[in-house]
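This report describes two regions of a protein structure. Please look at the model below before reading on.

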Amino acid sequence: MSDTILETSGLTKEFRGFVAVNGVDLRVETGTIHALIGPNGAGKTTCFNLLTKFLPPTRGTIRFKGRDITGMRPAEVARLGLVRSFQISAVFAHLTALQNVRVALQRGRGGSFDFWRAESVLDRYNARARELLDQVGLGEFATVPAGQLAYGRKRALEIATTLALEPEMLLLDEPTAGMTHADVDRIVALIRRVRQGRTILMVEHNLSVVEGLCDRITVLTRGRILAEGDYATVSRNEEVIAAYLGSEAGSVAHV
Amino acid sequence: MSLGFSRAQATAMVVMVAFIIVGPAVLYPVFLMKVLCLALFACAFNLLPGYVGLLSFGHAAYFGMGSYIAAWTAKYWGLDAEAAIILGGLCGGALGLVFGWLAIRRQGIYFAMITLALAEMVYFFCLEAPFTGGEDGIQQVPRSPLFGIISTQQDMSLYWIIAAIFLGGFLLIHRIIHSPFGQVLQAIRENEPRAISLGYRVDDYKLLAFVLSAALAGVAGAAKSQVFGIATLTDVHSQMSGEVVLMTLIGGIGTVFGPVVGALLFGSLETYLAPFGDWVTVTQGAIFVACVLAFRRGLIGEIGARLKLGL
């Protein structure tokens, strides 16, 4: 069972005289959790922005479920079932947690242009929205404005909102960044729970999270793929160690 | 209330309706009709900066074109009042569709500049085009009967019609804000990239909001031309675009009742300070500066914030 769900070939993004992503050939297999790691400035987030069409690539192609999505707009990509999260938590701050999830449900189920109808027609999505909130452990916070939730809970809300679209593939940009240990454990457990029937590509800095969670890892440095494989393979790769620890630290490790 | 008003808003609504009913017993009805037209214009305008986060500097184009079209069709085609006003609204909306389509591709100051530039083009069109009567405008527009039977010759009979148009427009705007569509607008305003990542084609939503705002501005302009029996360059001039920004700002951007209060204040200044000539503009300028410096949320916005109420 090694179907490719997402594939890039020669993906390149140049900003004036600076190549952020350079000829990346990435293959993500259906049903796996795939990590994209690398030091700061390696081009991970740029890669994400290219995949979700928030940035147009300079060269290269992107195929999702066998379909060329290189020229599509970001909203269209989301509609195909490739939905992303953001590095900085992306919630609608003045809407309640329940309304946040409802905004996503509403998109999938139509009626979003109905300006002549009362807001109360959205109540029919409440049951499903509560289910999703319960799933991420936010059941009791349904009526709290999202902006007032603690950081870890905002990230959980973001995942609930994303799941409301029932996407085939999730792109998570540093889901555990800036979290306490307890929160990290909760998010990891959550990702394990929601992976059923989905493919996940995530950027992650926390290597212990990657070790426990991800099936396959791609290491980026300076916009290029440095290594690829499971955690055991990648973590023994000399080049990866050097890139992560720097050449000096690398030599210290040999002493 | 079934209309989706909070208790505070329902109270404010009762006060406003009471004022509209009692008003003509105390004040000159034509003055009140002018205020109602301006208030509808300001409420329509407020939809964009208040609920979508777009600041249009060219709303006089839709107001003025609505006014011209209604005046012209009432005078030369002999259309009934309601038909002329609906046509004015459609014209504002159609213009909004084209201009909005061009402008929403840009954000912030660039959006404002594009709307301003397009509105200036409309102004020059109205100055030169033969049907508008140039500097003279369209004068002596007859007050045509409503549905061909209800006479609008008397100020008081026209007053109730204008009041009904204002209230209808006001309630529609309130409904738009509190609709499934309004919910998406709020999501877009709070976090546009996130809304896109959920699959929303945000430009389509912005455009619909723009068209609705322009159409209601057109209705307001059309109603005004019925009240005064004229349509002139004043209604389409950039000064009018500035004034509607001012009214909304003084009352409170993003509040439901703010633009109404702003229009009342603004209309009063213009009418009752008229004998002092240029002092009108000076006073308006002073109020604007005071508003921006001292209470940026506007009158209603400040009151709402003090009382912790959403008005």
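## A nonpolar surface patch on chain B

In this predicted model, B:Ile21, B:Val22, B:Val26, B:Met156 and B:Trp160 form a nonpolar surface patch of about 480 Å². A patch joins nonpolar side chains (Val, Leu, Ile, Met, Phe, Trp, Tyr) within 5 Å, or like charges within 9 Å, from residues with over 30% relative accessible area and no salt bridge. A salt bridge is a side-chain nitrogen of Lys or Arg within 4 Å of a carboxyl oxygen of Asp or Glu. Accessible areas follow the Shrake-Rupley method with a 1.4 Å probe, with only the protein chains shown counting as cover for residues.

At least two patch residues come from each of helix H1 (7-26) and helix H6 (155-177) of chain B. H1(B) contributes the most, with three residues. B:Val22 lies in helix H1 of chain B and is partly exposed, at a relative accessible area of 48%.

Buried means under 20% relative accessible area, exposed over 50%, and partly exposed in between (1.4 Å probe, protein chains only). Helices (H or I, at least four residues) and strands (E, at least two) are DSSP runs numbered from the N terminus.

## An enclosed strand in chain A

Strand E4 (residues 33-37) of chain A is largely enclosed by the rest of the structure, because five of its five residues are buried. One side carries A:Ile33, A:Ala35 and A:Ile37, and the other A:His34 and A:Leu36.

E4(A) pairs in the parallel sense with strand E9 (residues 199-203) of chain A over four bridges; two strands pair if DSSP finds at least two bridges between them. A:His34 has A:Leu201 as its bridge partner in E9(A). E4(A) also pairs in the parallel sense with strand E10 (residues 216-221) of chain A, over four bridges, and A:Ile37 stands opposite A:Val219 there.

## Basis of the description

Residues are numbered from 1 along each chain as its sequence is written, and chains are lettered from A in the order in which they are written, with ligands numbered from 1 likewise. Local features need pLDDT of at least 70 and side-chain atom pairs count only at pLDDT 80 or more, while totals for chains, interfaces and linings use all residues; side-chain values use heavy atoms, leaving out hydrogens and water.
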